[in-house]
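Subject: Handing over the structure

Hello,

I am passing this structure on to you, and the sequence and coordinates are just below. My notes on what I found follow them, so please read the two side by side.

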Amino acid sequence: MRRNALRDIVAFGMFVLCLQFAGALRAQESRPTLSGTVTGPSGAPIANAKVTAKGVATRQATETQTDSLGHYAFLTLSPGDYEVAVTAEGFNAQSSKVTLASGTPLKSDFGLIAASGAAQAAETTPTKPTAPTLEDLGISPTQAQGTAQDQARLDKRAHMLMMHQRLGLITMVPMIATVFTSFGAGGRSTSTADRWAHMALGSATGDLYFMTAYYAIRAPRIAGTQSKGPIRIHKILAWIHGPGMIATPILGAIAFNQKSKGEHVHGIARAHGPVAIVTAAAFGAALVSVSFKF
Amino acid sequence: MSLRKKLAKQFLAALVLLAVPLFTLADGQWVLQESTLTYHVSHPLKQTDGVSHAAKGKGVCHAGQCDFLIAVPVKSFDSGDSNRDIHMLQVTRGGQFPMITVRTRLPEDASTSATIRADLEVQFAGQAVQYKQIAFQRVVQGGETLITGTIPLTLADFKIEPPSLLAIPVKNEVPVRVESKWRLM
């Protein structure tokens, strides 16, 4: 009785073994091939590039290298989904996902691009065989790697806005002085010296103002960013002090001319004072709006 | 060797062969459902927080170990001031290194304890820095696992020059609070 039971167990074990062996044989018979060519940016083949095919389900990795013509081939892979990754010295790594069907050869070519600093940094920590990759998260190599040009653009923007900020602060000095000298230059005052001092300070303010504006206008824009927070107020105020800084000297020149002829300031020139005050106030507010941040 | 022993050995071998696919089936994947990452910058005159909800993450378990990868674009952090955010992007060299990645490997059974201590490898601003034994709290809610904790980042670790306000630089410590919701697939 016990002997019969043992025989049954052994028979079952043998059956399982046979099933697995048969499965393995079947897989061997219909193994698909995966091959392709690895080229550089110019289209030239890359020799000795490392090509790794990692089974998505099994997480098993198989490696090969490209020959002198950039060709590679895997002949012993089982059907299934694979992540094929290519690495070569001096080039950014590239990978793609392929599905191998039983008995069907598949071709997957790779065009590598030259490595940037970002690629070198990413290579400092190699991923573990089972570890998920950025591509597993749906992040493409172009999203993961920036460029030195992008960084240079940010650096240029930061430098220009720092200049904009400093010049803006410097502009405030002659602007305040211009406002103070206006009391002696305008109204019933007939002092020529005060008028000239006011005009000179106003001119200096205008020159500095337009230099300040240049650095803001010419600072590179960063794609995909929207103005948010105090910078919005800063930009809105520019629509007040910008036209104001054009109108103020024009109106001032007319008023200067009228006063120099011994006339009272009249007509449109009477707006010089109010326009200048609004302009100076908007400029001061714009400066304050972005001053207390880092 | 008796026939009985021989048969028993063959039976054991058959069982082992059967068990291999079963272990493979036990492997799982953790997927990050949603997250909030918040950095905190301190200055004697001002405190600022930047928040991102754009992190993506995955954990792959195999042979009793789970490898996790979390990635978040530097650009996705929002402090409420776009000018400051672009400045942060510049000082952290986000043009050249647009992603922050965090990698960790945990034993599979770590996902059952209330506090997880993880060794993290953070890649940011072109530097890779290891943070050892960082504590994260784990709470299970429904089918999801909430992981919260703080990564004690410093600007010096990543060779980032601290930005200044009125010639006073911000503090070197920029802790990043992590609140994440994971699901085992």
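B:Asp119 counts as partly exposed, because 13 C-beta neighbours lie inside 10 Å. The cut-offs behind that word are these: a residue is buried if 20 or more other C-beta atoms lie within 10 Å of its own, exposed if 12 or fewer, and partly exposed in between, with C-beta atoms placed from the backbone. B:Asp119 sits in strand 6 (residues 115-124) of chain B. Helices (H or I, at least four residues) and strands (E, at least two) are DSSP runs, numbered from the N terminus.

Before going further, please note that this is a predicted model, in which local features need pLDDT of at least 70 and side-chain atom pairs count only at pLDDT 80 or more, while totals for chains, interfaces and linings use all residues. Residues are numbered from 1 along each chain as its sequence is written, and chains are lettered from A and ligands numbered from 1 in the order in which they are written.

Back to B:Asp119. Leaving aside neighbours within four places in sequence, B:Asp119 is in contact with B:Thr104, B:Gln130, B:Lys132 and B:Gln133; two residues are in contact if their C-beta atoms, placed from the backbone, lie within 7 Å. B:Leu106 is 13 residues away from B:Asp119 in sequence, and their C-alpha atoms are 8.3 Å apart.

B:Gln130 is exposed, because 11 other C-beta atoms lie within 10 Å. Beyond its neighbours within four places in sequence, B:Gln130 touches B:Asp119 and B:Glu121. Between the C-alpha atoms of B:Gln130 and B:Val102 there are 9.6 Å, although the two are 28 residues apart along the chain.

Chain B as a whole

Chain B contains two helices and 11 strands. Read from the N terminus, their order is α-β-β-β-β-α-β-β-β-β-β-β-β. Of the 185 residues in chain B, 34% are buried. Among contacts between residues at least 6 apart in sequence, 58% join residues at least 24 apart.

Which strand of chain B is largely enclosed by the rest of the structure? It is strand 4 (residues 65-73), because seven of its nine residues are buried. Strand 4 of chain B pairs with strand 3 (residues 56-62) of chain B in the antiparallel sense over seven bridges; two strands pair if DSSP finds at least two bridges between them. Here B:Gly59 stands opposite B:Phe68. These two strands form a hairpin with two residues between them, and B:Ala63 in the turn has a positive phi of about 55°. Strand 4 of chain B also runs antiparallel to strand 5 (residues 99-107) of chain B, joined by nine bridges. In that pairing, B:Asp67 has B:Arg105 as its bridge partner.

The sheet in chain A

In chain A, four strands make an open antiparallel sheet in the order 3-2-5-6. Its edges are strand 3 (61-65) and strand 6, each of which pairs on one side only. From one strand to the next, the twist averages 20°; axes are lines fitted to C-alpha atoms, for helices over the stretch in contact, and angles run from 0 to 180 degrees between N-to-C directions.

Strand 5 (residues 80-87) of chain A pairs antiparallel with strand 6 (residues 94-100) of chain A over seven bridges. Six residues lie between them in a hairpin, and A:Gly90 in the turn has a positive phi of about 90°. Strand 2 (residues 50-55) of chain A pairs antiparallel with strand 5 of chain A over six bridges.

Helix packing

The axes of helix 4 (residues 148-185) and helix 5 (residues 192-218) of chain A come within 8 Å and cross at roughly 160°. These helices are therefore roughly antiparallel to each other; angles under 35 degrees count as roughly parallel, over 145 as roughly antiparallel, 65 to 115 as roughly perpendicular and the rest as oblique.

Helix 4 of chain A also packs against helix 2 (residues 82-91) of chain B, at an angle of about 125° and with the axes 9 Å apart. That makes this pair oblique. A:Leu154, A:Asp155, A:Arg157 and A:Ala158 meet B:His87, B:Leu89 and B:Gln90 there.

Best wishes
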